[in-house]
Amino acid sequence: MRSLLVLFLFCTPVRAGEVNSDALKRLVHQDCGSCHGLTLKGGLGPDLRMETLAHYDREGLASVILNGVPGTPMPPWEPLMSDDEALWIAQYLLTGESE
Ligand code: HEC
């Protein structure tokens, strides 16, 4: 029986690296959009459209999202999302692709 339990524990999905892209898309447009504009063209925060973010690479952009911009209203999202989720958002902002 013990080996069955071990098997069960190993089979429990860890879901590392998996993201819920629908939920993240909503977060980008609603939460990020509350400052950056619902269409991400800028509001309190700057324009987040592809053209204006082109100077970032995916990792650099994910790190701005995770760390925020100290001294500005741009909050660090690190307490609220994983690295994979930040990378997903970075990819989404840079390419418009959500898969
Ligand atoms: C409370 C308001 C607020 C929220 C919510 C917010 N931001 Fe920001 N964000 C800002 C402000 C203000 C700046 C500009 C900081 C500065 O002056 O450099 C900024 C800057 C940025 C930048 C840098 C843009 C550039 O051109 O360098 C990125 C990228 C960014 N935000 C992404 C996001 C993402 C993605 C989210 C959602 C996960 C988000 N922000 C949520 C206010 C916000």
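**Aromatic pairs**

I looked up how many aromatic pairs the structure holds. I found one aromatic pair in this predicted model; rings of Phe, Tyr and Trp (its six-membered ring) pair if their centres lie within 6.5 Å. The partners are Trp-88 and Tyr-92, at 5.1 Å centre to centre and with 20 degrees between the planes. I recorded this pair as stacked, since planes under 30 degrees apart count as stacked, over 60 as edge-to-face and the rest as tilted.

I then placed both residues in helix α5, where they are four residues apart and therefore separated by about one helical turn. Trp-88 is buried at a relative accessible area of 9%, and Tyr-92 is buried at 12%. Buried means under 20% relative accessible area, exposed over 50% and partly exposed in between (1.4 Å probe, protein chains only). I also noted that Trp-88 and Val-19 lie 69 residues apart in sequence but 7.7 Å apart in space, C-alpha to C-alpha.

**Basis of the entries**

I number residues from 1 along each chain as its sequence is written, and my side-chain values use heavy atoms, with hydrogens and water left out. In this predicted model, local features need pLDDT of at least 70 and side-chain atom pairs count only at pLDDT 80 or more, while totals for chains, interfaces and linings use all residues.

**Overall fold**

I listed five helices and zero strands, in the order α-α-α-α-α along the sequence. Helices (H or I, at least four residues) and strands (E, at least two) are DSSP runs, numbered from the N terminus. Of the 99 residues in the protein, 27% are buried.

**Ligand**

I next examined the shell around the ligand and noted 21 residues, each with a heavy atom within 4 Å of the ligand. The closest are Cys-32, Cys-35, His-36, Tyr-56 and Met-74. By class, I recorded 17 nonpolar, three polar and one charged residues. Ala, Val, Leu, Ile, Met, Phe, Trp, Tyr, Cys and Pro count as nonpolar, Asp, Glu, Lys and Arg as charged, and the others, Gly among them, as polar.

An N or O atom in the side chain of His-36 is 2.7 Å from a nitrogen atom of the ligand. For Tyr-56, a side-chain N or O atom is 2.6 Å from an oxygen atom of the ligand. Two or more residues of the shell come from each of α2 (21–36), α4 (58–67) and α5 (83–95). Helix α2 gives the most, with five residues.

Key
Polar contact = N/O pair within 3.5 Å; in protein donor to acceptor, adjacent residues only side chain to side chain.
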